[in-house]
Amino acid sequence: MTANLSAPNRPQIVDAFDAFRQEFDDHNDRRERLIKLSRDVTNLSKKVIFLLHRLALEAAEDDEQKGIDHAVYQSRQKLAEIGQLFEQMSIELQGENFWRYQKTVSPGLQEYIEALSFAQYLESKTLLSFQQVQDNLRSPAGVPYFPLGVPYADYLLGISDLTGELMRFAITSIGRQGMISQKSLDEAVSMCKFVRDCKSGWEPMTAYIKELKSKQDVTTSCLKKIEEGKYFGTWSCITRSL
C-alpha cells in the first residue's frame, strides 16, 4: 500500500531534486565567476599601488609634485579600467545575491579601496571618505555597482591597509638614493601624524568589526617603523652637519 501511495508522488520528488540540483549548480557557477572577478580586481589594484610607488619616487628627484601628479593621473586611468570588472560583478549581485556573495567579493573590493585611498593621499594628503568610495563605484550612467552600496566594514578594512603603503612610501622617501633631505623628513612627520590620527579614529570600530583588530596591530607596527625612520633620518641630518 505504501508503494502504491508513493508511486504517483515520484515525478514530483524527482522534479524537486532536479530543481535543487539546478539551484546548487547556479550557486557554484556564480560563486566561481565572482571569485575570478575578485581576484582580477585584487591583482589589478596591486599593480596600481606598485605603479604609484614607482612613478611617485622616480620623478621625485627633479620635480616631486609633478611626479606625484603624473603617478596619480596614471593610477586613475587604471582604476577606471577596473570599473569594468565591478560592472560584471554587479550583474551577479542583484537582489538577495548581494549579501549571499558579499564575502566572496570582499578581498577585491578592499584592495581596490586601498589603491584608491593611496592615490588620494598622494594627491591631496587626505583620507578617502566613505561617501567618496560610494560615488566612485558607479557606472558612467551613475548606477551603483553594488545595489545596497559598499559595506562599511569593507570600506574600513580596505582603508586601514593604506597605512602599510604609507609606511613603505615614507621609508623609501627618507633614504632615497642614500640622501636624506629635510623635506622628506617633514613629509614623514606629517605622515606619522596622519597614521596616528587614523589609528585612533578607527579604534572604536574594533568592537564591531572583528577583522579590524588585527589590522590595527599592523597599523601600530607601521607607525612605529615610520617613527623610527624619521628619528634615524633626523639623526643622520644632524651628524652630517657636524
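A salt bridge is a side-chain nitrogen of Lys or Arg within 4 Å of a carboxyl oxygen of Asp or Glu. Keep that in mind and select Arg30, Arg33 and Glu92 to begin: these three are linked in a network of salt bridges.

Before moving on, a word about the model. It is predicted, so local features need a pLDDT of at least 70 and side-chain atom pairs count only at pLDDT 80 or more, while totals for chains, interfaces and linings use all residues. Residues are numbered from 1 along each chain as its sequence is written, and side-chain values use heavy atoms, with hydrogens and water left out.

**Stop 1: the whole chain**

Show the chain as a cartoon. You will find ten helices and zero strands; helices (H or I, at least four residues) and strands (E, at least two) are DSSP runs, numbered from the N terminus. Now colour by burial, where buried means under 20% relative accessible area, exposed over 50%, and partly exposed in between (1.4 Å probe, protein chains only). Of the 242 residues in the chain, 45% are buried. Accessible areas come from the Shrake-Rupley method with a 1.4 Å probe, and for residues only the protein chains shown count as cover.

Contacts come next, meaning heavy atoms within 4.5 Å. Among the contacts in the chain with a separation of 6 or more, 78% join residues 24 or more positions apart.

**Stop 2: the nonpolar core**

Select Phe86, Met89, Leu137 and Phe146. In the largest nonpolar core, which has 57 residues, these four touch the most other members. Helices that each supply at least two residues of this core include H2, H3 (60–92), H5 (102–124) and H10 (210–241). Such a core is a set of buried Ala, Val, Leu, Ile, Met, Phe, Trp, Tyr and Cys residues joined through side-chain atoms within 4.5 Å. In soluble globular proteins, nonpolar side chains tend to be buried together.

Zoom in on Phe86. Leaving aside neighbours within four places in sequence, Phe86 is in contact with Val41, Leu109, Tyr112, Leu137, Tyr145 and Phe146.

**Stop 3: helix H7**

Select H7, residues 152–160. Seven of its nine residues are buried, so H7 is largely enclosed by the rest of the structure. The buried ones are Asp154, Tyr155, Leu156, Leu157, Gly158, Ile159 and Ser160.

**Stop 4: charged pairs**

The structure holds 14 salt bridges. Begin with Lys46 and Glu111, whose side chains meet in one of them at 3.7 Å, N to O. Because Lys46 lies in helix H2 and Glu111 in helix H5, the pair ties together parts that are 65 residues apart in sequence. Lys46 is partly exposed at 35% relative accessible area, whereas Glu111 is buried at 11%.

Then select Lys215 and Asp161. Their salt bridge has its closest N and O atoms 2.9 Å apart. Lys215 sits in helix H10 and Asp161 in the loop between H7 and H8, so this pair joins parts that are 54 residues apart in sequence. Here the lysine, Lys215, is buried, with a relative accessible area of 18%, and Asp161 is partly exposed at 23%.

One further pair to find is Lys199 and Glu203, where the closest N and O atoms are 3.9 Å apart. Lys199 is partly exposed at 23%, and so is Glu203, at 33%.

**Stop 5**

Gln134 is in helix H6 (residues 130–136) and is buried, with a relative accessible area of 14%. Not counting residues up to four places away in sequence, Gln134 touches Gly149 and Val150. Gln74, in helix H3, is partly exposed at 26%. Leaving aside neighbours within four places in sequence, Gln74 is in contact with Leu51 and Leu55.

The structure holds zero disulfides, a disulfide being a pair of cysteine sulfur atoms within 2.5 Å.

**Last stop: a patch on the surface**

Which residues form a nonpolar patch on the surface? Select Ile13, Phe17, Phe20 and Phe24, which together have about 470 Å² of accessible area. Patches are made of residues with over 30% relative accessible area and no salt bridge: like charges are joined within 9 Å, nonpolar side chains (Val, Leu, Ile, Met, Phe, Trp, Tyr) within 5 Å. Phe17 belongs to helix H2 (residues 10–58) and is exposed, with a relative accessible area of 55%.
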